[in-house]
Amino acid sequence: MTINTPTVHGMFPTPVYVIKRNSNLTSEEEKEIKEILKSGMNINSGNRSSNNSYIFDGNLEKIKQFCEQQLKIYVEELIIPREEIEVYITQSWLNVTKPGEFHHEHSHSNSILSGVFYISTEEGDSITFTDPNFKVKEILKVEPKEFNVWNSGTCASPSKTNELILFPSWMNHRVEPNEMATTDRISISFNTFVRGT
């Protein structure tokens, strides 16, 4: 007797794009980041963000170019638009998360794709995404013995220095406290919008 092997298909997966920048921060970029930090930080629920919400306007030009190149690849290879469009960066800001601090769960409104470029991280740092269908799946839930991509409500992606992560802006995400951290986690977050048809 032959036993058929089932296939499992992922329906409607969400692309989260991660890429490492080949070059480390230049001394000029380090200087610009220090200047942004000196110009003041807003205290959020659990962390801090720069007073300036448009840090890519006149600062960190090479990091901005890297992010724009990767956005272009994301759009061309994952969205594959029929008409020519340009996704461009609107807001951009610096985040500082001290040891034991966190980012509350949120999404980014008025944006198509969002990104985070990691300036400084430690072992154990990550960003956690929440399944947008989680509330529906919670209506009647069977508690799993172990978690996998099919039965989890959240998924953590490691945060590594000099890496960029891009994701649809509607995805809820958060940063859990890293109790083992000894230094500040610093990142640049940004939002985008679109021009074209």
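The model is predicted, so local features need pLDDT of at least 70 and side-chain atom pairs count only at pLDDT 80 or more, while totals for chains, interfaces and linings use all residues. Residues are numbered from 1 along each chain as its sequence is written, and side-chain values use heavy atoms, leaving out hydrogens and water.

I begin with Arg 21, in the loop between β1 (17–20) and α1 (27–38); helices (H or I, at least four residues) and strands (E, at least two) are DSSP runs numbered from the N terminus. Arg 21 is buried at 6% relative accessibility, where buried means under 20% relative accessible area with a 1.4 Å probe and protein chains only. Beyond four places in sequence, Arg 21 touches residues including Glu 29, Phe 66 and Phe 117, contact being heavy atoms within 4.5 Å.

I turn to the aromatic pairs. Rings of Phe, Tyr and Trp (its six-membered ring) pair if their centres lie within 6.5 Å; planes under 30 degrees apart are stacked, over 60 edge-to-face, and the rest tilted. The count is four aromatic pairs. Phe 66 and Phe 117 are edge-to-face, at 6.2 Å centre to centre and 70° between the planes. Because Phe 66 lies in helix α2 (residues 61–79) and Phe 117 in strand β6 (residues 113–120), this pair ties together parts 51 residues apart in sequence. Phe 66 is buried at 10%, and Phe 117 is buried at 0%.

Phe 129 and Phe 167 are also edge-to-face, with centres 5.1 Å apart and planes at 70°.

Methods: Buried < 20%, exposed > 50% of the residue type's maximum accessible area, 1.4 Å probe, protein only.
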